[in-house]
Amino acid sequence: SNTTSRSDVTASLSIQAGCPMGCLYCETGRSAFLRNLSAEEIIGQFWIAKKFVADEIASRMTTGGRLQNLVFHGMGDPCGNFENLMRATEVLNHQEQFKIGPKRMSLATVGVSPEAVRQLRHFPGKLAWSLVSADPVLRKCLVPAARGTPEEIVEAWRDVLLSQTGKGNIYVEVLLFDGSMKSVKKEVSELIRLLTPLIELPGKDRVRFNLIPYNPSASE
């Protein structure tokens with residue numbers, strides 16, 4: 001879990017044990033994929049995190065610090081276990097259960113294919129796409145499971161955002177392997193070119209960028 005302020009704590013939940021995507025930049029992607037987690041196992045992570053936060057607050061004799069937000073950004077890709085993810089979401093969102101509203105839920109996916117992306121129109125929360133790179137050759141190298149061109153996946157994201165009646169937006173996450181200003185400017189230029197169909201959708205701030213410096217793992 002991650003504490004962003006005294007009254008705002010976010011839990012990151014896993015969807016799968018291991019990950020089948022095999023992304024070369026990801027430590028989890030280098031590990032073996034074991035299985036999909038059940039809806040109950042996904043919910044259980046949140047319950048344990050909620051209890052941990054409550055116990056921490058009690059031990060410090062402080063107030064606030066409630067677990068209010070969750071992100072499906074742990075182990076695995078949400079699109080690979082979408083049915084169980086949606087079952088878990090229904091329980092977490094239920095007013096007689098955990099009462100986590102859609103605005104407090106988000107997920108991140110590599111967007112492995114147009115078909116995988118389009119199912120996300122049913123997800124009630126916020127969305128993030130780990131595009132990794134706007135360069136199709138580099139993206140395919142780093143995300144070997146990817147199917148379809150980046151342009152085809154952008155079109156799928158466009159369908160998802162259009163289904164949200166002008167209210168939804170998407171965070172696009174890109175890795176920066178070279179932190180020079182020249183490299184950053186080139187990446188941003190490529191991003192704008194690729195994502196123009198999303199940027200031009202009606203509504204405010206439909207696309208937001210998250211440029212992430214690459215962090216080598218201990219095994220490299």
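Modeller: A contact means heavy atoms within 4.5 Å, and among the contacts in this chain between residues at least 6 apart in sequence, 68% join residues at least 24 apart. This is a predicted model, in which local features need pLDDT of at least 70 and side-chain atom pairs count only at pLDDT 80 or more, while totals for chains, interfaces and linings use all residues. Residues are numbered from 1 along each chain as its sequence is written, and side-chain values use heavy atoms, with hydrogens and water left out.

Colleague: Why is Lys99 called exposed?

Modeller: Its relative accessibility is 53%, and exposed means over 50% relative accessible area, with buried under 20% and partly exposed in between (1.4 Å probe, protein chains only), so Lys99 counts as exposed. Lys99 lies in the loop between helix H2 (82-93) and strand S6 (105-109), where helices (H or I, at least four residues) and strands (E, at least two) are DSSP runs numbered from the N terminus.

Colleague: What makes the backbone of Lys99 worth a remark?

Modeller: Most residues other than glycine have a negative phi, whereas Lys99, not a glycine, has a positive phi of about 60°. Val132 also is not a glycine and has a positive phi, of about 75°.

Colleague: Why is Val132 classed as buried?

Modeller: Its relative accessible area is 3%, which falls under the 20% limit, and therefore Val132 is buried. Val132 is found in strand S7 (residues 126-132), a strand described as mostly covered, with 6 of its 7 residues buried. Over the chain of 220 residues, 43% count as buried.

Colleague: How do you know that S7 pairs with S6 and what joins S7 to S8?

Modeller: Two strands pair if DSSP finds at least two bridges between them. S6 and S7 have 4 bridges in the parallel sense, with Leu127 in S7 as the bridge partner of Leu107. S7 and S8 run parallel and are joined by 5 bridges, and Val174 in S8 is the bridge partner of Val132.

Colleague: Which residues are closest to the centre of the largest pocket, and which elements line it?

Modeller: A pocket here is an open set of points on a 1 Å grid over the protein atoms alone, where a 1.4 Å probe fits, with protein on both sides within 12 Å along at least five of seven lines; lining residues have an atom within 4 Å of a point. About 570 Å³ of space lies in the largest pocket, taken as the space filled by probe spheres set on the points. Of its 30 lining residues, the closest to the centre are Tyr25, Cys26, His73, Val110 and Ser130. The elements that give two or more residues to this lining are S6, S7, strand S8 (170-176) and strand S9 (207-213).
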